[in-house]
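Hello,

Here is the model I said I would pass on. My notes follow below it.

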Amino acid sequence: MDKELLEFEAGLRCFRPRAAPVRLLAGIERELAAPAALSPRPHYKSAASWTSWRWANWAAAAALAGVMLLAARFWPGDVPPTPAEQGVSRGSPVATPFAGYKPIAVRRTVYGTDDEGLVTLDDGRLGRRIRSHFVDTVTWRNPQTNASLRWSIPREAVRVVPVNAN
């Protein structure tokens, strides 16, 4: 394989580019020496030449935006139903989907601690900034149905520990 490539490269080295035709070189020199012809100025429409339908489009868009702003301002939002509308009397407790669940376990897992180096405290002393990454997991269980729910919360804590320079 290498021998074939070497023979091919040797054959390519024998080739030489042809000289450019004299007519081509003369034409290029003539074009470069001639002064550049002025092109006609492009025609741009000014703002005064806008037709009435363009103004009507902008007016319609502005009116639509105003109506949308007014609707967003005065439209009644999602109002939660009152207990009477839910069918709950004043004295009875409100049933929630998680009623009956009790926390049974809490676990904190440390995933990493990073030493971010020295910082200067407000009083001028040096301190070391330490950033810790945790995931707190709380397990809830409903004793009546034996259903359980696990809730994981990622969290990070930043502590600054003063450095004693002796």
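Which residue in β2 does lysine 102 stand opposite? Lysine 102 faces arginine 141.

First, the ground rules. This is a predicted model: local features need pLDDT of at least 70, side-chain atom pairs count only at pLDDT 80 or more, and totals for chains, interfaces and linings use all residues. Residues are numbered from 1 along each chain as its sequence is written, and side-chain values use heavy atoms, with hydrogens and water left out.

The chain

The chain has 4 helices and 3 strands. Helices (H or I, at least four residues) and strands (E, at least two) are DSSP runs, numbered from the N terminus. From that end the order is α-α-α-α-β-β-β. The chain exposes about 15,400 Å² (Shrake-Rupley method, 1.4 Å probe). Carbon and sulfur atoms supply 61% of that area. Now the contacts (heavy atoms within 4.5 Å). Among those in the chain with a separation of 6 or more, 51% join residues 24 or more positions apart.

The sheet

The 3 strands make an open sheet, ordered β1-β2-β3, with antiparallel pairing. Two strands pair if DSSP finds at least two bridges between them. β1 (102-120) and β3 (148-162) are at the edges with a single partner strand each, so one side of each has no neighbour in the sheet. From one strand to the next, the twist averages 15° (axes are lines fitted to C-alpha atoms; angles run from 0 to 180 degrees between N-to-C directions). β1 pairs with β2 (residues 126-141) over 15 bridges, in the antiparallel sense.

Two buried residues

Serine 132 sits in strand β2. Its relative accessible area is 7%, so serine 132 counts as buried. Setting aside neighbours within four places in sequence, serine 132 contacts Gly112, Thr113, Arg155, Glu156 and Ala157.

Asparagine 142 is in the loop between β2 and β3. Asparagine 142 is also buried, with a relative accessible area of 7%. Not counting residues up to four places away in sequence, asparagine 142 touches Ala99, Gly100, Tyr101 and Ala147. A polar atom of the asparagine 142 side chain lies 3.1 Å from the backbone nitrogen of glutamine 144.

Best wishes

Definitions and conventions
Buried < 20%, exposed > 50% of the residue type's maximum accessible area, 1.4 Å probe, protein only. Polar contact = N/O pair within 3.5 Å; in protein donor to acceptor, adjacent residues only side chain to side chain.
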